[in-house]
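Q: Could you walk me through this structure slowly, one part at a time?

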Amino acid sequence: MPNIILLGPPGAGKGTQAKRLVDTRGMVQLSTGDMLREAKTSGTEMGRRVAEVMERGQLVTDDIVIGLIEEKFAQGAKGGFIFDGFPRTLKQADALAEMLARNGQALDAAIEMQVDDAALVARITGRTTCGNCGSVYHDVTHPTKVPGVCDACGSHDLRRRADDTEEALKTRLMEYYKKTSPLIGYYYAKGQLTGVDGLAEVDAVAAAIAKVLDKA
Ligand code: AP5
């Protein structure tokens, strides 16, 4: 039962690959981005503050995010967990290591999805996500078969994210380089880092991740 982290900047393809692993290996995706988007709709004061921070492209505070992860982790996963977009700071990474150790579990790999920043603007600004099942599409590279209809569930609720603007992407990238990229050195030093070419075709990226998992 492997536990892995998908690490990479906005648009690297973390969500796309995590969904594949859920379908092919029965792993459980823990996406802090998805959890926070859900919290945004709760109508609470916390939800309102989270929405503002996310729309600007900044990181939500460590305590909120760690609390969300702890809650979901406690529900267990027979096929292992995919940490998607978590951890994003050294404090979150330490909290994850501690949570796994406390539960007699380990991290099998931190997979760095290596991409070129220039590709990210096109990926982010062309993305739509199904509001019903979470499937991810792209206007050019992965359009739905029938325009406006989700291939997976037939829903017409295809959405663009409020933070998927060029403006917010600049802040998101800055946050990534300032606060998240130090984790590459952190996991390298622990002997847990593996890089995959995130610019390859979706199937090729999936095959590279499968190789890492088969060795875990
Ligand atoms: P989050 O939802 O985690 O967003 P992100 O990290 O910015 O990543 P994205 O979801 O934008 O991209 P992705 O890597 O999943 O790419 P995708 O597969 O969709 O976080 C959002 C916000 O929440 C943060 O800014 C922050 O405010 C907050 N937050 C979340 N976690 C937090 C934490 N731990 N701490 C603090 N704050 C936190 O792909 C993108 C597009 O590219 C799609 O259209 C897809 O079809 C296409 N694509 C994917 N792979 C390929 C490929 N190989 N080739 C061509 N196109 C591809």
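Q: Is Gln17 buried or exposed?
A: Gln17 counts as buried, at 3% relative accessibility, where buried means under 20% relative accessible area, exposed means over 50% and partly exposed lies in between, with a 1.4 Å probe and protein chains only. This is a predicted model, in which local features need pLDDT of at least 70 and side-chain atom pairs count only at pLDDT 80 or more, while totals for chains, interfaces and linings use all residues. Residues are numbered from 1 along each chain as its sequence is written, and side-chain values use heavy atoms, with hydrogens and water left out.

Q: Where is Gln17, and which residues is it in contact with?
A: Gln17 is in helix 1; helices here are DSSP runs of H or I with at least four residues, strands are runs of E with at least two, and both are numbered from the N terminus. Leaving aside neighbours within four places in sequence, Gln17 is in contact (heavy atoms within 4.5 Å) with Leu6, Met113, Val202, Val205, Ala206 and Ile209.

Q: Ok, new topic: which residues are closest to the ligand?
A: The closest are Thr16, Gln58, Arg88, Arg127 and Arg172, out of 36 residues that surround the ligand, and a residue is counted if one of its heavy atoms lies within 4 Å.

Q: What distances do Arg88 and Arg127 have to an oxygen atom of the ligand?
A: For Arg88, an N or O atom in the side chain is 2.5 Å from a ligand oxygen, and for Arg127 the corresponding distance is 2.6 Å. A polar backbone atom of Gly11 is also 2.9 Å from an oxygen atom of the ligand.

Q: Which helix gives the largest share of the shell around the ligand?
A: Helix 2 does, with four residues, and among the other elements that supply at least two residues each are helix 1 (14-25) and strand 6 (136-138).

Q: And the nonpolar core, which residues touch the most other members there?
A: In the largest nonpolar core, which has 28 residues, these are Ile5, Phe83, Leu96 and Tyr187. Such a core is a set of buried Ala, Val, Leu, Ile, Met, Phe, Trp, Tyr and Cys residues joined through side-chain atoms within 4.5 Å. A second, separate core of 20 residues includes Leu6, Ala18, Met113 and Val205.

Q: Last one: where is Thr89, and what does it touch?
A: Thr89 is in the loop between strand 3 and helix 5, and it is buried, with a relative accessible area of 11%. Not counting residues up to four places away in sequence, Thr89 touches Leu59, Asp62, Lys179 and Leu183.

Notes:
Polar contact = N/O pair within 3.5 Å; in protein donor to acceptor, adjacent residues only side chain to side chain.
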